Amino acid sequence: MIAPGFIGPAYASISRAINAQRCINLRLEIDSANGKAPLALVGLPGYTEVKTDFPAAEVRGFWLAQGRSFVVVGPTLYELNADLTHTSRGTLASSSGRVSFADNGLQMLVVDGVGVLGLTLATNATVSSIPNFPYGATHIACVDNTMIAAQPNSQIFQISAVGDAYSWAAIDFASAEGLPDDIVAIMPFSRQVYMLGSGSVQIFWNSGDANRPFIPVEGSSFELGCVAPYSVAKDESGVYWLGGDPRGGPRVYKGAGGQFTPISTPGMDAAFIGSNGEPAYVVSDAFGYTFRMDGHVYYVLTFPTSDKTWIYDAVSEGWSEFLEWETQWRRHRSNCAIYAFGRQLIGDFENGKLYELSPNVYANGSAVQRALRASAYVHNSQELLTIGSFEVVCEPGVGTTTGQGANPQMMLRVSKDGASTWTGEMTRPIGAKGEFRDRARFLRPVGNGRSFVFEVSITDPVKRVLTAGVINGN
C-alpha cells in the first residue's frame, strides 16, 4: 500500500506523539496535469562557489540599480561586474549587521542603522553626510521617486525631495499613528509603503498632495506587529514578515491587497516559543529574503542565533527546512540573494564568499547537501502491523559518471516510538547512471509495531525526486 503522508511538506507538531514529519532540503512539487505523481518531493537548490576574493566578512546585502549590481561586504560597498570582479564604491559606518538599499534611478542610498552612504550613479561620487536625514534609520525605501526613512524609536518617517535622495527638509515628515508604537521596518510594494511597527502594520500611498504626499490607505491599519525588523521581504505577490500581537507569540504573515494572512504552521509557531523539548527561538534577529527559481517563488527565513533556516514555497504554500549538514543540522549559509548576470547569487554570512544557487546542483559548495524526509505516522488504530518491506519510489538512474554519486545510495531509519529512537541506518542503491529499473526497496526493515515513522535521506550529489513510499506487509 502507499504510505500515507510520506510525500508532504514539513509539519512537525507541538508533540511528536501527534506528528513527527520533517522535510529538509526538499520541496513539494504539485503536478496538476494528470502526471503519474500528483505530489512529489524535489531537492531544493544547492550551490557552487563563484567568488572567493572578498575579505572574510559578512555579506550584508545586495542591490540592483539601473542595471548595475552592488553588494556590501563588511564595511565596504562594492560594485559587481559581469565576470564577478569588483570595484569599491564607498565605506559604511559599520562593518556587520543587515543593510537596506533604495535608489531613485539617479542616486542610491544604503543605511545600516548608524549612518548613510549615498552613491551618485552617473559619476560614482559618494556622500556620507546628508542634512536632515534621519540618522540611525535601519530601512530605506523609494516610492514615486521619493525616498522614505523612519526616525529611530519613533512613529515618524521622513521623505526626501522628489528625484533627489540628498535633499531632505526637516518639515517633510509624517507619522504612522494607527497604534502608539514605533516604526521598525519599511517595505515598498506596488507603489505603496508598508509601515511595520512593533505592534501594528499600516499602509501608506502617495496622494499627490504637495504638503502631505504620503497618507494612510483607508482601513489599512491592523493590530499586528513585526517582531523581527529584517524578516521583512517581498516577492511579486506580497510582503512577508515575522509578526506578533498581544494575543500570542510569533508567526509568519504575508500581506497583499490590504489583507494579512498567517502562513506559518501551528507546529512552527509552537517551535518559535519552544516545543518538543527544544528551546524557544531567538526571533529578534531573524531575517528574510526571497528568490525565484525553477517556477517556484521562495521566502527564506533564518534565525541566526538559533541556527535554523526555514523556506516557504509560495507556489505549493508549503514549508521546508533549508539547512546545512555539518555532522549536525545548521542554518543555511546564505545571508542575502540577488539575481544578476543570469545567475542566482547568494552571499555567505561570515566569510565573504558568493555562491550561485542552482536546481541542478546537489551539494553546498564543497560540502554535502543532505536531503531528509521523515514521514507522517503509519498506523492502524493501534493494531499490530507487520512491515515486510518499505520502498521509496524515486527517480532512478541518476548517478554521476565518476566520483561520489556514481553509485548513489538512499538511507533509511525507522522509529516505532514516536521518533524518540531509531533503528540503525540501512542503505539501498537508487541507480547508477542509466540504470532506470533500480528500486530503493528495503526488505524487513523493522518488523512488527503499532506505529511507524520512516525517515529517508540522501547525501550523494545526485538528483532527488521522491514520488511515494510503498509498504508491503508480507
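This is a predicted model: local features need pLDDT of at least 70, side-chain atom pairs count only at pLDDT 80 or more; totals for chains, interfaces and linings use all residues.
Visitor: What is the strand order in the open sheet of four strands?

Guide: The order is β5-β6-β7-β8, and the pairing is antiparallel. β5 (59-65) and β8 (86-91) are the edge strands, each pairing on one side only. From one strand to the next the twist averages 25 degrees.

Visitor: How many bridges join β7 to β8?

Guide: Five bridges join β7 (residues 76-80) to β8.

Visitor: Is strand β14 enclosed or open to the outside, and why?

Guide: Start with the general idea. Side chains in a regular strand alternate between the two faces of the sheet. Now the case here. On one side of β14 are T146, I148 and A150, on the other M147 and A149, and all are buried. Because five of the five residues of β14 (residues 146-150) are buried, the strand is largely enclosed by the rest of the structure.

Visitor: Which strands pair with β14?

Guide: β13 (residues 140-143) is joined to β14 by four antiparallel bridges, with I140 partnered by A149. β15 (residues 156-161) also pairs with β14 in the antiparallel sense, over three bridges; there A150 stands opposite F157.

Visitor: What is found in the two hairpin turns?

Guide: Two residues lie between β13 and β14, and D144 in that turn has a positive phi of about 50 degrees. Between β14 and β15 there are five residues, and N153 takes a positive phi near 55 degrees.

Visitor: How many salt bridges are there in the whole structure?

Guide: The search finds 21. The test is a side-chain nitrogen of Lys or Arg within 4 Å of a carboxyl oxygen of Asp or Glu. E236 and R292 meet it at 3.8 Å, N to O. This pair links distant parts of the chain, 56 residues apart: E236 is in the loop between β22 and β23, R292 in strand β26. Both E236 and R292 are exposed.

Visitor: Which residues are linked in a network of salt bridges?

Guide: The network links D307, E326, R330, R333, D348 and E350. Within it, the closest N and O atoms of R330 and D307 are 2.3 Å apart. R330 lies in strand β31 and D307 in the loop between β27 and β28, so the pair ties together parts 23 residues apart in sequence.

Definitions and conventions. Residues are numbered from 1 along each chain as its sequence is written. Side-chain values use heavy atoms; hydrogens and water are left out. Two strands pair if DSSP finds at least two bridges between them. Axes are lines fitted to C-alpha atoms, for helices over the stretch in contact, and angles run from 0 to 180 degrees between N-to-C directions. Buried means under 20% relative accessible area, exposed over 50%, partly exposed in between (1.4 Å probe, protein chains only).
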